[in-house]
Amino acid sequence: MTSRIPRDSRLRLVRPRPLAAAPRAMNQQRSRRPAPRPPEGTPAPAELARMARSGLAGAARVARWADAALGPGRGSATAAGKAILSAATAEWAAEDLGLTPAQVRADWDTARLAGLVEVHGDTARPGWRLRAWDRDDSAVLRGWVALFDAWSLAHPEPEGNEPATVGEVVSAMPQVLSFLQLSAGPVPVPQLLDLLQQRVTELRTERCEVEYTPHSADTARPSPAPAPVEPGAADAPLAPLLEWALRALAAVGALTYGEGQATLTPLGSWAVWVKLEQICVAAQSPAGNIEQSAEDMLRGCAQLRPNAARAEYRAWLAARPVAGAVTELLDAARGEDALLRGLAFEALRVVGAPAEPEVRAVHDEPTLRPYALLWLAEHDGADPEDAHQVLTRDEATWLWVDTAAAVADHGEAPLLVRHLESAVQPTVPALLNEVRAVGHPRTVQVLVALAAAHPDPALAKAVRRAAFQVHTGG
């Protein structure tokens, strides 16, 4: 008896979905947590977005001018190929907009920090938030929060301060802002200075802590001395730096500062609450993801639906410096677990623009290249549904095998069979030929798992034969 199913069965061409978009297992229970409510008195999102648009009106105006005047074929914003405003361009914009060149430069810098203008290598172009500025309140609020997060870059510290002390003040300000948010009213600056000094002292103590390593009783070793603090850093007065921080936060619209006291604005209070809520959500999760390494955090998020996973990513990222978090995520992506590779790049999508230099730097690594190319394409404005078009046939096939490896390790047999439909090759023989040629280290395991899962005996036999040929080098 022969099978009535043709051996050269056609594959339906479907758009590939990110692995994180599929549930890890059908029997996973979806965690339900009521949506948190902001503190009483917080304006509605539409009103908050109106405030953000008002505060960023100058930045949006300069970004729109640049979009119209400096687009492809219409001129250049830069001197010597650098993505900064040249003196001539600043004067041009100032004349067109009725501003001074200094105001244009300030608004340009604000637009870059808020994501209204994106810098890619030696070029700058409008960010996606500018396209959505008038119709998408969430895009506006995300842009304002990006500026809020970058307050120390928007208004650099005064000259003559120790870099270590400046870093300590920047690291301590979230606790100061949390105190302002909980106070829900004006707080005298001397009280904020006391809190800042306490937090800086805690940071210095933590930095000087020495990890205790027990030794055998018959071996006595002297304890290492605490790490020294940079000369002058411990004695530097914090009052001028607190004033700088408060004035910088006031300039971005997070608080009002005057007459010896500070008060969070509605936007600032809402932003601080959002960040505290993200941290609390992660801290309440069963895995305690906020305190985990990137690899453990991603494993914990593998059981979550995409929206819940993104909330975990945001909370985990909020609790650590961006540069270190991006490096840790990329290190996790280099591991052997293909599922973590896909999830790491999902987390990097949450990071956004700050991750671009690191992602661009790894796009030549064979293991990460397809993921990095897709990330960069989406970051550059490509529709996520069409981003896969940037991949070559070999890169798409390598990614198909890598995703299949993740499904084989963590998913269910029906999901692996359905993954067959996402291949770019039109036929099973063509797919098998290209899978064998692409040289993925998990090819044999993926083919064996697919053969075991597929209900068509003829197709399963062909897949097993291909697995054997890869295994024996045939």
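Modeller: Let's begin with helix 15 (residues 338–351) and helix 18 (residues 393–410), whose axes come within 7 Å and cross at roughly 115 degrees. Helices here (H or I, at least four residues) are DSSP runs, numbered from the N terminus. Axes are lines fitted to C-alpha atoms, for helices over the stretch in contact, and angles run from 0 to 180 degrees between N-to-C directions.

Biologist: What makes helix 15 roughly perpendicular to helix 18?

Modeller: Angles of 65 to 115 degrees count as roughly perpendicular, under 35 as roughly parallel, over 145 as roughly antiparallel and the rest as oblique. The crossing is at roughly 115 degrees, so helix 15 is called roughly perpendicular to helix 18. Ala338, Leu339 and Arg341 of helix 15 meet Trp398, Asp402, Ala405, Ala406 and His410 of helix 18, where contact means heavy atoms within 4.5 Å.

Biologist: And how should I read the model itself?

Modeller: It is a predicted model, in which local features need pLDDT of at least 70 and side-chain atom pairs count only at pLDDT 80 or more, while totals for chains, interfaces and linings use all residues. Residues are numbered from 1 along each chain as its sequence is written, and side-chain values use heavy atoms, with hydrogens and water left out.

Biologist: Why is Pro306 called partly exposed?

Modeller: Buried means under 20% relative accessible area, exposed over 50%, and partly exposed in between (1.4 Å probe, protein chains only). Pro306 has 27% relative accessibility, so it counts as partly exposed. Pro306 belongs to helix 13 (residues 306–318).

Biologist: How do helix 2 and helix 4 cross?

Modeller: The axes of helix 2 (residues 57–69) and helix 4 come within 8 Å and cross at roughly 90 degrees. Helix 2 and helix 4 are therefore roughly perpendicular to each other. Among the residues making this contact are Ala63 and Ala66 of helix 2 and Val104 and Trp108 of helix 4.

Methods
Helices (H or I, at least four residues) and strands (E, at least two) are DSSP runs, numbered from the N terminus.
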